[in-house]
Amino acid sequence: MSFAELGLRTELLQATQRLGFEHPTPIQRAAIPPLMQGRDVLATAVTGSGKTAAFLLPILHHLLPKRRGTTRALVVAPTRELAAQIAEHLRDLAGQTGLTGAAVTGGVAMEPQVQAFRRGVDVLIATPGRLLDHFQYPYARLDGLEYLVLDEADRMLDMGFLPDIRRVLRHLPTKRRTLLFSATLPAPIVELAGDLLENPVALNVERKSAPAAGITHAVYPVPHELKSHLLLQLLRQGPPRSVLAFTRTKHRANRLADFLERNGIVCARIHGNRSQAQRTEALAGFKKGRVRILVATDIAARGIDVEALGLVVNFDVPQVPEDYIHRVGRTARVEATGDAYTFVSPDEEGGLRAIERHMGKRLPRHTVAGFDYAKRPAERLEVPLAERIAALRARKTKERARATANTERRAAQRTLADPVGNWTARGNPSGAAPRRPAKPAPGPNRAEAVLAWVRQTAGRPNHGPGGGRSRRP
Ligand code: AMP
């Protein structure tokens with residue numbers, strides 16, 4: 001089947017040709033015809049399947065004959081990166097059609113987005129939080145909306161966005177077409193689909209998510225503390241190519257990136273503690289090939305689409321099998337090929353077995369020739385949680401002790417300056433705001449404070465305010 005057979009408008013066919021799309025992918029073949037007929041769609045589509053064009057092409061086809069100066073399609077995505085990715089895809093597909101689009105996501109200025117609402121761009125691509133921020137204002141009306149797409153709905157569920165999605169829905173017209181794309185279909189998503197979709201066409205619903213063909217999977221058993229050294233060795237001995245490495249936590253992402261940098265590997269990092277500007281810069285550097293290695297956590301990496309990505313490294317075994325599919329789906333996009341390495345330490349064997357069960361096959365184990373599996377690393381990648389908590393507690397105790405000493409010293413100084421404690425009773429002749437608290441401490445505390453001060457300053461003449469003497473008699 002060709003794109004022309006799908007009945008898309010000429011401008012869109014030209015766009016697919018410009019992008020080098022020779023044939024529609026399976027999800028495009030399945031989703032475009034019912035969407036052209038105006039049906040609601042519930043689709044399980046894995047990352048890299050071409051799902052974005054599967055929903056954008058038929059929507060653009062419907063929007064095309066008449067621009068109305070009002071927003072007619074809204075795509076909601078879980079992360080800023082995915083929203084940016086969809087906006088880029090929209091630009092590629094609609095660039096020559098005159099249709100307009102804008103991304104409405106957090107971490108950047110509101111004002112250009114306000115203008116997008118006011119101008120009524122044809123397609124808005126938004127993350128739920130920022131969209132709700134806009135909905136507080138009267139300019140943010142989407143009364144002319146005809147299409148709503150919820151993309152990567154299962155990830156929205158994981159990120160706790162479903163209540164936000166339901167809040168967003170209150171601002172949208174009920175008469176519209178709704179499309180829900182999700183890699184997996186956990187029960188809350190099925191329930192949401194039941195509430196939102198009208199007589200939908202369900203695509204691939206029965207199919208378990210599976211990584212794209214063309215990926216070569218390899219498992220590297222390795223002691224926990226040697227993972228970063230193993231990665232370094234594989235990077236050094238492997239062919240130069242773009243590598244995306246996933247860690248379990250933001251902390252580990254930082255530590256791994258620091259380690260690689262110390263060893264002369266230029267890398268970027270992307271995780272939830274980085275600012276939007278830092279995330280955008282990291283991604284841009286990676287996509288343009290300025291940095292070869294991107295270290296990421298799962299959530300931030302959603303929507304990363306890098307054409308020449310050759311290798312995905314699961315530095316830590318993902319917690320759920322679906323995350324494995326999402327992670328390795330970053331390589332071997334559509335028809336390309338790529339490698340997926342998974343580092344597994346003894347305590348991660350269970351997680352790996354769950355992935356293998358999900359995929360219905362055992363993944364091949366490899367050892368790296370010449371790598372010293374018995375070596376004792378000089379540094380630890382991660383300080384264990386218990387140690388981090390203990391260090392934090394010790395610091396807090398020290399800070400508290402310092403704060404108490406400061407408070408006592410200040411109280412003592414105050415008392416010495418004003419031993420009778422009636423500053424407010426005497427009034428403030430200048431009329432300025434009092435520099436001392438309006439209510440001095442009552443008698444006994446004051447006595448203690450004086451004592452504390454005396455203890456502190458004993459043997460140090462002229463140390464108190466006014467050269468060791470009260471300014472007030
Ligand atoms: P997606 O699953 O929407 O994130 O798309 C993954 C990648 O596949 C993107 O880089 C698209 O540009 C590309 N793509 C989408 N449709 C096709 C197609 N029919 N042929 C080749 N590449 C495609």
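Student: Which residues lie nearest the centre of the second largest pocket?

Tutor: Ala 84, Gln 85, Ala 87, Glu 88 and Arg 91 do, out of 27 lining residues. A pocket is an open set of points on a 1 Å grid over the protein atoms alone, where a 1.4 Å probe fits, with protein on both sides within 12 Å along at least five of seven lines; lining residues have an atom within 4 Å of a point. This is a predicted model, where local features need pLDDT of at least 70 and side-chain atom pairs pLDDT 80 or more, while totals for chains, interfaces and linings use all residues. Residues are numbered from 1 along each chain, and side-chain values use heavy atoms, without hydrogens or water.

Student: Which element gives the most to that lining?

Tutor: Helix H4 does, with nine residues. H4, strand E3 (101–104) and helix H12 (276–287) each supply at least two. Helices (H or I, at least four residues) and strands (E, at least two) are DSSP runs numbered from the N terminus.

Student: And how many nonpolar, polar and charged residues line the second largest pocket?

Tutor: The lining has 11 nonpolar, nine polar and seven charged residues. Asp, Glu, Lys and Arg count as charged, Ala, Val, Leu, Ile, Met, Phe, Trp, Tyr, Cys and Pro as nonpolar, and the others as polar.

Student: Back to H4. At what angle do the axes of H3 and H4 cross?

Tutor: The axes of H3 (residues 51–63) and H4 (residues 80–94) cross at roughly 45° and come within 10 Å. That makes H3 oblique to H4. Axes are lines fitted to C-alpha atoms over the stretch in contact, with angles from 0 to 180 degrees between N-to-C directions. Under 35 degrees is roughly parallel, over 145 roughly antiparallel, 65 to 115 roughly perpendicular, and the rest oblique.

Student: Which residues meet there, in H3 and in H4?

Tutor: Thr 52, Ala 53, Phe 55, Leu 56, Leu 57 and Leu 60 in H3 meet Ile 86, His 89, Leu 90, Leu 93 and Ala 94 in H4. Contact means heavy atoms within 4.5 Å. By class, this contact of H3 with H4 has nine nonpolar, two polar and no charged residues.

Student: New topic: where is Gly 107?

Tutor: Gly 107 sits in the loop between E3 and H5. Leaving out residues up to four places away in sequence, Gly 107 touches Arg 80, Arg 130 and Gln 276.

Student: How many residues apart are Gly 107 and Arg 80 in sequence?

Tutor: They are 27 residues apart, yet their C-alpha atoms are 8.5 Å apart in space.
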